[in-house]
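Dear colleague,

Please find below the structure that I am handing over to you. My notes on what was found in it follow directly after.

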Amino acid sequence: MIRVSLFLLAAIGVVWPMAAIAEPKVSTFTLENGLRGVVIEDHRTPVATHMLWYRVGAADEPPSETGVAHYLEHLLFKGTEKYPEGEFSRIVAENGGQQNAFTSHDYTAYFQRVAVDRLELMMELEADRMTGVQLTDEAAALERDVVLEERNSRTENEPSGRFREQLSSALYLNHPYGDPVIGWRSEILDLDREKALGFYRRFYSPDNATLVVAGDVDPAEVEAMARRQYGSIPPTGARPDARPQEPPHVAARRVEMQDPRVSQPYMLRFYLVPSVAAGEPGEGATLSVLSKILGGGLTSRLGKRLQIEKEMALGASAFYWGVARDETSFGVYAAPVDGVGLDALEAEVDAVIARLIADGPTEEELARAKTVIIAAEIYAQDSQSQMARSYGAALSAGLSVDDIQAWPGAVEKVTAEDVRRAAETYLRLERSVTGLLSKPDPEETAESADGEGESKG
Amino acid sequence: MIAMLRHCCAASLALAALTFAVVTLTGGSARAVSAGIVEAVSPGGVPFWLVEERSIPIVAIEIGFKTGANVEGEGDEGVVNLLAGMLEEGAGDLDATGFSRKRDELAARIGFSSGRDTFNVSAAMLTRNLEESVELLRLALTEPRFDDAPLARVRAQVIAGLKRRQTDPGDVASDLWFASAFPETPYGRHPDGTTDSVSALTTEDLRAIMPAALNPAAAFVGVVGDIDAVAAGVLIDRLLADLPEAAPPAHDVFDVAAQGGVEVVRMEVPQSVAIFGHQGLLRADPDFIPAYVMNYTLGGGGFISRLTSEVREKEGLAYSVGAYLYPMDRAGLYLGQVASSNDRIARSLELVRAEWARMAEKGVTPEELAAAKKYLTGAYALRFDSNAKIASALVGIQMEDLGVDYIRNRNSLVEAVTVEDVKRVAKRLLDADALHVVVVGDPEGLDAAN
């Protein structure tokens, strides 16, 4: 009986009157020097998030300089003529602000969260370091050590970190998405002041940046402020070069790594798929729905088959990194219970995917996936800083505000056949790399002390 | 798309700000929130705090029980954590899959978590599905099924997590630190239990612990969002009215047993991770706010703390270093952490000890104190910029028994701290020789004292 009523509910759940999704108030402007601005109004508390996004990231680095985008991000805290080393952080802190920065393959972003009446001061500081960074060799060398320790924490100390790095690298045959954002250790060691400043002068300019302000603000005032603080910086015409793109993928790849510190083996597969920006209209929404149906929790295909029916997996999921400028990855993950081998698990994952390609999802599965994806848009509005970050990332990946706001509608339009076809087109082994992470076999270890695939950089 | 973005940024954070959940409720002022807090009592007699916020059609409900692993008996270590995992695995007529499906259809978010002293229920619901979503949460809290198959699965997940802790340098360091600090007490082990204890847990154990873990007499409730106090009171009664009352958990206080010194656990990793600390303060200690202000300068102030300045900025020895007050229900700690390459960790720890001693001896300068106050008072409002954060803060402040005026008064408490207060508190608290240090890795020049 329960089941019947649930089906009904699901059917009702599909119909989302678009008006019911309270859209955030978002406006845009562009300054004369090319700086683009986005304002997201949130009048709940007198707080603002100020973010400056450069449309340049690790995928735009010169050959043999992996990590320079991220290294430069660190160096932007080293001071300018106007605000020498330490002043930036001191001023932000003394104004009750929090700040940070982050780098991805597609962008480098700097942000502060402050009381709304300090917003213009944040703009002044950020505008100053767009072109004003001053750097000694000594400061640059010290910061390189810090980055190496960061890489130690994230990657060298973590079998999973090294495994994922190998996996991404094997997925991309030609595109720089295959290189780690933080850089290969051997190349970080060769980074210096000149390389960082070269990247800085080439790419940091108002016409290669997007300003995102979220909070208790008036859009016209934000634009006026931005003009005062950023408006006098001349544009440079900076544009990252076209990136090397992927050739057709014709062979399935495998990465098998063993490390004595792996306590829980797992399989992780990446498929090469279009991003929202790089795909045909609707394709990103379809892949997002596909990821939920295939691997969004216990009721998904993978959860149901691997965790509930066969009791083979501790966990299983699928995910789609849709916000990227170029072709991106769709991931499938599964971790076996004790006594189940990775090979058997992988075979079952393949069977689940084959069935989805053969039959497509049911209407109920489709409706539930859409409900979860669209509701997530409403929940996301609760976090001002997350909204700012999401808009900044999407715009830096080549999407527009209209694209973002059309997303729930695009999700709504996805059909069961769209999902089936996307699975058939993209979830093909020759477009993928399959990774198996495990502990070395105790008998083999006795003969050779070094685990295969383990590399100490 | 906004939500999808949350998972898609393989960004690498530089300059991570050091934040620790346990101390987040100790600073600042947000007038907008403080003015809007309604202190109410449900028709059934449950006190709760509410902030009505109508701009987004969602409601956040946070229930904190002052229980956690603290209420576990000998032999069932980890049962409260397992309970947190099992409450979403089927209830009433719904089996695990049915529960999960229903939650997705309602687009409700329901999460359970537990720690040493707390059991938390965090829920977010769409206004349009509020009634049904609350009913689903009520089922989970009052009629969980604990079926065999999901129990086997969740137990295996917990054990996998515990095994992973045994190979992660930071987790190994933390677990050994607590084991050395609190031998033969519930704080001496990880609240998730041990692989042995969790392996032995049964459905009966889960049922037996429920009254103690979900004890309404130890519950604190915060509601934020698209709802008024009258409607919220009705929902809260529905959630909590059927829970049986139990005796309050023990609250006698433990002191840190570990002495000053270094313990080294050898692990073949390029970077050593160190946890260091000694006795700290309970949240109720009158010196807590002065100590909190002092620690901003020593190790809490992210970018500009003395530890970051000495270890990271001047010598490039670490990506992350910090110290923090860690007040628990039954013990107060002063903890810190740093990670450096094996050949540099000894130097990092030398600098940490030097800063510890300098602060103990001299306190802070008037300029440092002024800077700390400006940051701590100015940034307090940032803790109240989302419904979810406010709901969690409302519960935290009630659990610490700070009173409904705390949010309004907190900044004046910070402002009142003097240089002399800081000096006195630093002298009382900080003792470089008492620092118990656990290092995991292959450190050079750090031979363990024991």
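A residue counts as buried if 20 or more other C-beta atoms lie within 10 Å of its own, as exposed if 12 or fewer do, and as partly exposed in between, with C-beta atoms placed from the backbone. Strands (E, at least two residues) and helices (H or I, at least four) are DSSP runs, numbered from the N terminus.

Please note that this is a predicted model, in which local features need pLDDT of at least 70 and side-chain atom pairs count only at pLDDT 80 or more, while totals for chains, interfaces and linings use all residues. Residues are numbered from 1 along each chain as its sequence is written, and chains are lettered from A and ligands numbered from 1 in the order in which they are written.

Strand β8 (residues 266-273) of chain A pairs with β10(A) in the antiparallel sense over seven bridges; two strands pair if DSSP finds at least two bridges between them. A:Leu268 has A:Tyr333 as its bridge partner in β10(A). Strand β9 (residues 313-320) of chain A also runs antiparallel to β10(A), joined by seven bridges, and here A:Tyr320 stands opposite A:Phe330.

**Confidence in chain A**

The mean pLDDT of chain A is 92, and 92% of its residues reach 70 or more; pLDDT is the predictor's confidence in each residue, from 0 to 100. In two stretches of chain A, residues 1-20 and residues 446-457, pLDDT stays under 50.

**Contact between the chains**

Chain A contributes 83 residues to the contact and chain B contributes 73 residues, where two residues are in contact if their C-beta atoms, placed from the backbone, lie within 7 Å. The side of chain A that touches chain B has 35 nonpolar, 30 polar and 18 charged residues. In this classification Ala, Val, Leu, Ile, Met, Phe, Trp, Tyr, Cys and Pro are nonpolar, Asp, Glu, Lys and Arg are charged, and the others, Gly among them, are polar.

**A six-stranded sheet in chain B**

Chain B has an open sheet of six strands with mixed pairing, in the order β2-β3-β7-β4-β6-β5. Strands β2 (37-41) and β5 (109-114) of chain B stand at the edges with a single partner strand each, so one side of each is left without a neighbour in the sheet. Five bridges connect β2(B) with strand β3 (residues 47-52) of chain B in an antiparallel arrangement, and B:Glu39 has B:Trp49 as its bridge partner in β3(B).

Helix α7 (residues 169-181) of chain B has 13 residues and reaches 18 Å from its first C-alpha to its last, close to the 18 Å expected at 1.5 Å a residue; the expected span is 1.5 Å times one less than the number of residues. Its buried residues include B:Trp177 and B:Phe178. The buried residues of α7(B) pack against α6 (148-165), β9 (271-279) and β12 (436-441) of chain B.

Strand β9(B) is itself mostly covered, with eight of its nine residues buried. β9(B) pairs in the antiparallel sense with strand β11 (residues 332-341) of chain B over nine bridges, and B:Ile275 stands opposite B:Gln337. Five bridges join β9(B) to β12(B), again antiparallel, with B:Gly277 opposite B:His436.

Yours sincerely
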